[in-house]
Amino acid sequence: MARMTTPPAIVILGVGALATARRVQSAVQSACPGASVHGLQGRVADADVDVAFAELAEHLRELYASGTPIVALCAAGIVIRCVAPLLANKGGEPPVLAVAEDGSAVVPLLGGLSGVNAMAREIAAALDVKPAITTSGELRFGACVLNPPDGYTLASIDQGKRFVSDLLAGEATRVEGDAPWLDDVQLPRAEDARRAIRVTPLAWSGATDELVIHPRSVVVAIGEALEVRDARDEGLHEHILEAARERGLAAQALAVLLAPAARIGDPALQQAADALQIPLRFADDDASSDPVRLLGKALRMPHKTLDDGNPAQIAFAIAHAPVDPATVGRARGKLSVIGLGPGDASLMVPAARAALSHATDILGYETYVKMAGPFRADQHVHGTDNREEMQRARHAFELASAGRHVAMVSSGDPGVFAMAAAVLEALDHAHDAAWAAVELEIVPGVSAALATAAQAGAPLGHDFCMLSLSDNLKPWSVIETRLRHAAEADLVMAFYNPISRARPWQLDKALEIVRDFRGPSTVVVLGRDIGRPGAALKTTTLAELKSADVDMRTMVIIGSSMTRAFRPANTSREWIYTPRWYKCADFNV
Ligand code: SAH
């Protein structure tokens, strides 16, 4: 089975299907690593599945729209009804299969051109049943001629359908070019057939007696020539397509856009690669930056080159087989500084999850790296000790500037007493062009104060501040001054790093200062390990609060004079909130 780029979602509606779901998951593991089991909340315990969802139809539609292959362990009719509203839209259709809960039937429903039948075969083999394949070409020839493996694309799906109908009607075909996946297929072959399956990077002429399949075997390289450098927006990709056309090459045969490393960060290049839907890679250039030389350096497969004169601005290398973009030159490095949220996977933002799944390297404090996992075998995990933040930031830039895709993890939000500032500080002080060329992104997360506040109600409903009580990186006198001002200003205060073995007395001192300004009945919220196993939420008052109730895994929220605790009538649940309006001696509402 061809390797899928997006791992499938195996969807179940009850615990009864869990065992079959796990068998399906391991059946598809080698071809689609990262397949996850999604369970309906309330019917399946969140802890038993990888992803919990609240509503089936909506969840299936989201998966379908994002191009995620779906294996639903429920009635085919349910699946069809759920995705039906999206079917009219043309465009990429992911494989969608229904599998009986007990594993007795495997029914490919949609995605004939994206490998649904191959998936059905694989799953059915693992469940020891026969897949319900209904595609006639597939039945007759044993594989879908219109679904070539990764690295190949059809020139025209419509022409492909016509061609297969002709074969089904009794026509024979030749096969020209290298199509190893067709070797075992029972095609009606004849050397002298009028029809031909042609595997070639050259553009299809439009002839109706051929099925043209393009290997992604062409690398296009551009140099530093002014005309190309000046091309903005559509300019560059049009220029490349035009050059390909002039040489008879099919746009679908393009595998990679290669550029000199000196142009990393040039937005015109990324726009062109996006428009061509191919990856952008770089080769470290020497003085000449001649694209033919770049190709020679970056492409390790045998190839022949076509260029546009002397000196060349644009050159094409044609390899004898599909080119794996990951093997050509190197990527522009990327560093994503992400926040995991407090702990629970459902509180991690999707952009952070995406950065983790794209990362080649994951860096961070051991505990958080574990929290962010599990990782695939091809991802490198670098766990380090908490104290070496600047060293870790520099390590991240070193990896990223060599073309790696690095995810740096923090708990909560990366910009709140965490790695984002360390990363920017490292960049600020490095004055290094290679570090500056790294694509840097900072992905926010749910910070501990926000997660704790939400558990308690809305204690941060009015003005508040976040303070770290750690004097590791700032003098204690600064902390005291800030505490005094914040307490006097009647701000709600969220204390991070409230106490540790190395800082045993600081919290008591801080509370002493706060008590000078705030009454004994001031509401205090303590959140420990919020969003993690053993989470504990406690409400108390400033008078009762003792530093023994607090440890380094605790978030301390000290209410303002307006913060209230109440229990709605006839309930035992207590809620804390700070009203959005204000009332005090010199401000009457
Ligand atoms: N970047 C993190 C904060 C790191 S400082 C964030 O935005 O949340 C570490 C402090 O955050 C801890 O000492 C504790 O006070 C607080 N903290 C982090 N995770 C927490 C959690 N799950 N529950 C309660 N407090 C937490």
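A search of the whole structure, which is a predicted model, finds two cavities of 30 Å³ or more. A cavity here is a set of points, on a 1 Å grid over the protein atoms alone, where a 1.4 Å probe fits but cannot get out. Grid points are joined across faces, edges and corners, and a volume is the space filled by probe spheres set on the points.

Let me turn to the second largest cavity. Its volume is about 30 Å³, and its lining (residues with an atom within 4 Å of a point) consists of L467, S468, L469, K474, I479, R482 and L483. Two or more of these residues come from each of β22 (464-468) and α17 (476-488), with α17 giving the largest share, three residues. Helices (H or I, at least four residues) and strands (E, at least two) are DSSP runs, numbered from the N terminus. By class, four lining residues are nonpolar, one is polar and two are charged; Ala, Val, Leu, Ile, Met, Phe, Trp, Tyr, Cys and Pro count as nonpolar, Asp, Glu, Lys and Arg as charged, and the others, Gly among them, as polar.

A word on conventions. Residues are numbered from 1 along each chain as its sequence is written, and side-chain values use heavy atoms, with hydrogens and water left out. Local features need pLDDT of at least 70 and side-chain atom pairs count only at pLDDT 80 or more, while totals for chains, interfaces and linings use all residues.

I now come to the ligand.

A polar side-chain atom of S447 lies 2.6 Å from a ligand oxygen. A polar backbone atom of T554 is 2.7 Å from an oxygen atom of the ligand, and a side-chain N or O atom of R532 is 3.3 Å from a ligand nitrogen. The protein covers 93% of the 540 Å² of accessible area that the ligand has on its own (Shrake-Rupley method, 1.4 Å probe).

Finally, the backbone. The peptide bond from G373 to P374 is cis, with omega near 0 degrees, and P374 is in the loop between α12 (366-372) and β18 (380-384).

Technical notes. Polar contact = N/O pair within 3.5 Å; in protein donor to acceptor, adjacent residues only side chain to side chain. 1 Å grid on protein atoms, 1.4 Å probe; cavity = no way out; pocket = protein on both sides within 12 Å on 5 of 7 lines; lining within 4 Å.
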